[in-house]
Amino acid sequence: MEPFRFVKAQDNLTAIHAAGINHAKFIAGGTNILDLMKLNIETPKQVVDINKLSLYKIEELQNGGIRIGALVKNSDLSYHPYIIKSFPVLSEALLSGASPQLRNMATTGGNLMQRTRCPYFYNTDFACNKRVQGSGCAAISGHNRMNAVLGTSEKCIATHPSDMCVAMAALGAIIHVQGPKGLRTIPFADFHLLPGETPHIEHNLKQDELITHVDIPALPFAAKSHYLKVRDRASYEFALTSAAVALDIQNGTIKGARIALGGVGTKPWRSLEAEKALIGAPANAQNYRAAADAAMAGAKPYKDNAFKVELAKRTLVRALTIVGRMS
Amino acid sequence: MKGGTTRRQFLGQVGFVGAGLQLAPLLSKAAGILPDNEALSPEPITVTMMVNGTQKTLTLDTRVTLLDALREKLMMPGTKKGCDHGQCGACTVLIDGRRINSCLHLAVMCEGSEVTTIEGLAKGEELHPMQAAFLKHDGFQCGYCTPGQICSAVGLVKEGHAKTDAEIKELMSGNICRCGAYQNIVAAIKEVQNA
């Protein structure tokens, strides 16, 4: 690990100011950044500890939504009674990720900032445009079984690793940030960026902007929602494919749908195409499959990951079937 | 080990010599020679935490993890280093009663924290119920993962979310046992839950 200066921030503005110097990074749970610092993938010169900031609250909003402080631990969020009742997809997504120890450390804001687990990003002996701008992508011609099939570019095919983010993409979360110039909000769909020509730029957040909280807007039908994750082992593993699904079914007809996919995209993948295919249609297996086909229509498989296209479709059909039976 | 030097003491002495080499730039600074990277040179941080009920104050390089501080600075080697990347759970300790991976936690972030390690579970000669249950059910073979397993299991029982065998397995999945003592670990945890 490279040497760094450690600053413990007592309030938001001090934290933002301390993060403004070159090569500064915030640390909260530390589960991702310390891992990357040990491997010299992240080499901050100044590490700003934000754990003293008052960003730990989970507040029910008057309209039925919920406001989640950026420092709320993944474990506290996953077991929060209101989340379990009103947004079970979010609780299930969180509990499907990492381990209990890591969930006791990892925070909501940190999970949003989680970086890819692409093995070529992690191994500094290989080219990676995300890690070293312009160095190339070893994954495209390498072992790419775990890599993405949606949202890729010639520069990068790394998957976004988060489960929580897939649920938040489906729920249309809104991210609140504070910077030197004040406050702003970022719709979830705009927060993470596609790799395109610049895979090293992963999100729409400036270095000295601090995530303060995440709002989940009211979505009554999300009380019937589910997160289904398919992986190589039963627990403590990143997704091969996953689906976050919420359905509003009235008299057998789908009135509302929220769908996002994990493990297949270069960012948490909300599928408006699949939602469009379902809204107004009868809730049945044929339409679930049509939605899955729509979700994966733009998929571009690589040498080892073509299986993900069909697996993602089946994952989505299964998740839709499970939620469909809740009505 | 009567009169001899233990492996750990020897390593400690080697570490001391190593620290002397690290001090060289500071000595050169005292002599009026400033290293080029002075502007960015990180300062050690003093941190005070409670470890197993005893207050400990340490002045540390900012890079030291809680795991390394426990093992190398406080000479409490019960907490084990496995992968050092949060994947194996051997380093599990409790901070303010919650289980975490001490390898992914900077020691300088522990100001005011209450840290409980495997060394802090027993009351004198009386084993913690989880330690006794691991012995009774043979919840280990080589023993390397065991301190982490036991601390994790103590955290699991306190959290109160595991009701079935399947849930115990799922919520212990952050602790890898390469000897494969999993069935007996589940039995030990169930005994403590039902006590």
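Helices and strands here are DSSP runs, numbered from the N terminus: a helix is H or I with at least four residues, a strand is E with at least two. This is a predicted model, where local features need pLDDT of at least 70, side-chain atom pairs count only at pLDDT 80 or more, and totals for chains, interfaces and linings use all residues. Residues are numbered from 1 along each chain as its sequence is written, while chains are lettered from A and ligands numbered from 1 in the order in which they are written.

Back to helix 2 of chain B, which spans residues 66-73 and is mostly covered, with six of its eight residues buried. "Buried" means that 20 or more other C-beta atoms lie within 10 Å of a residue's own; "exposed" means 12 or fewer, "partly exposed" is in between, and the C-beta atoms are placed from the backbone. The buried ones in this helix are Leu66(B), Leu67(B), Asp68(B), Ala69(B), Leu70(B) and Arg71(B). And what covers them? Strand 2 (54-60) and strand 5 (114-116) of chain B are included in the cover.

You'll find Asp96(B) in the loop between strand 3 (92-95) and strand 4 of chain B. Asp96(B) counts as exposed, because it has 12 other C-beta atoms within 10 Å.

Now look at where the chains touch. Here 27 residues of chain B are in contact with 22 residues of chain A; "in contact" means that the C-beta atoms of two residues, placed from the backbone, lie within 7 Å. On the chain B side, the elements giving two or more residues are strand 4 (98-101), helix 4 (146-159) and helix 5 (165-171). Strand 4 of chain B provides the largest share of that side, four residues. By type, the side of chain B that touches chain A splits into 10 nonpolar, 11 polar and six charged residues. For that count, Ala, Val, Leu, Ile, Met, Phe, Trp, Tyr, Cys and Pro are nonpolar, Asp, Glu, Lys and Arg are charged, and the others, Gly among them, are polar.

Over in chain A, start with an open sheet of four strands, in the order 9-10-11-12, with antiparallel pairing. Two strands pair if DSSP finds at least two bridges between them. Strand 9 (225-230) and strand 12 (269-270) are the edge strands, each pairing on one side only. Let's cross the sheet from strand 9. Strands 9 and 10 of chain A are joined antiparallel by six bridges, and Lys229(A) has Ser242(A) in strand 10 as its bridge partner. The loop between these two strands holds Tyr236(A), another residue other than glycine with a positive phi, near 55°. Tyr236(A) is buried, because 20 other C-beta atoms lie within 10 Å.

Next, nine bridges connect strand 10 to strand 11 of chain A, again antiparallel, and Val245(A) is partnered by Ile259(A) in strand 11. These two strands make a hairpin with two residues between them, and Asn251(A) in the turn has a positive phi of about 50°. Strand 11 (residues 253-262) then joins strand 12 through two bridges, with Leu261(A) opposite Trp269(A).

How enclosed is strand 10 of chain A? Nine of its 10 residues are buried, so it is largely enclosed by the rest of the structure. Helix 14 (residues 307-324) of chain A lies across strands 9, 10 and 11, running at about 35° to strand 10. (Axes are lines fitted to C-alpha atoms, for helices over the stretch in contact, and angles run from 0 to 180 degrees between N-to-C directions.)

Finally, chain A has another open sheet, with five antiparallel strands in the order 4-5-8-6-7. Strand 4 (58-60) and strand 7 (182-187) stand at its edges with a single partner strand each, so one side of each has no neighbour in the sheet. Within it, strand 5 (residues 66-69) and strand 8 (residues 210-216) of chain A pair over four bridges, and Gly69(A) stands opposite His213(A) in strand 8.
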